[in-house]
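The exercises below are to be worked with the sequence and the 3D structure open. Each task is followed by a stepwise solution.

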Amino acid sequence: MNQNYNDQQHILILSNGYPSVYQTLSGSFWKDQAEALSDQNCKVGLIATTPISLKDIKRKGVMNLRSKTKIENGVYTSVIRFPNVPFFNFLESFFSVFFGYYLFKKYIRKNGLPDVIHVHRYEAGLLAYKIKKSYKIPYVVTEHSSRF
C-alpha cells in the first residue's frame, strides 16, 4: 500500500504515562502501540501527561516540569511530567487536561490536526473531550483502570 505523506492516516495518542527514570514501564504499551502504527505507514503523535508520585520524586531526585518533545522511531512524542499529590485525584485530572491541551496546541502547530485521537485512561479522555469540543476531532477511548 503506497500512500504519500499527505494521504496517511494521522493518529494522535493521548496517555497519562511514558517510560522515564521515575517509572521505566509506565506507558510502555502506548509507546509500543504508537511505534507499531507508525510502522504501518500512519502519521502518529503521542502526548503524555505523566503524574509522578512524590515517593518516586524523593527517591530519584528533583523533576523537571518542562515538556520534552522528540521524534522517536517515527513518532512525534511530547511528554510532560508533574507531581501527583496523594488523595487529591482531581488535581491529577486538572493538570492532565491543562498541560495536555497546552501540548496539543503545540502539536497541531507543528503537525496539523489529527484525523482521530486514541485515548488511554479517563484522564486523557477528559482532554480528548475538550479537544473535540474545540476542534471537532473524533476520539476512541481504551480504558485500562480496574476502578471502572
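Lys136, with a positive phi near 60°, comes directly after helix 4. The model is predicted: local features need pLDDT of at least 70 and side-chain atom pairs 80 or more, while totals for chains, interfaces and linings use all residues. Residues are numbered from 1 along each chain as its sequence is written, and side-chain values use heavy atoms, without hydrogens and water.

**Exercise 1.** Compare the span of helix 4 with its expected span.

Solution. Helices (H or I, at least four residues) and strands (E, at least two) are DSSP runs numbered from the N terminus. Helix 4 covers residues 122-135, 14 residues.

**Exercise 2.** Which residues of helix 4 are buried, and what covers them?

Solution. Buried means under 20% relative accessible area, exposed over 50%, partly exposed in between (1.4 Å probe, protein chains only). Glu123, Ala124, Gly125, Leu127, Ala128 and Ile131 are buried. Their cover, by contact (heavy atoms within 4.5 Å), includes strand 1, helix 3, strand 5 (116-120) and strand 6 (139-142).

**Exercise 3.** Find the pairing of strand 2 with strand 1 and with strand 4.

Solution. Pairing requires at least two DSSP bridges between two strands. Strand 1 (residues 10-15) pairs with strand 2 in the parallel sense over six bridges; Ile13 stands opposite Leu46. Strand 4 (residues 75-84) runs parallel to strand 2, joined by 10 bridges, and Thr50 has Arg81 as bridge partner.

Note on methods
The expected span of a helix is 1.5 Å times one less than its number of residues.
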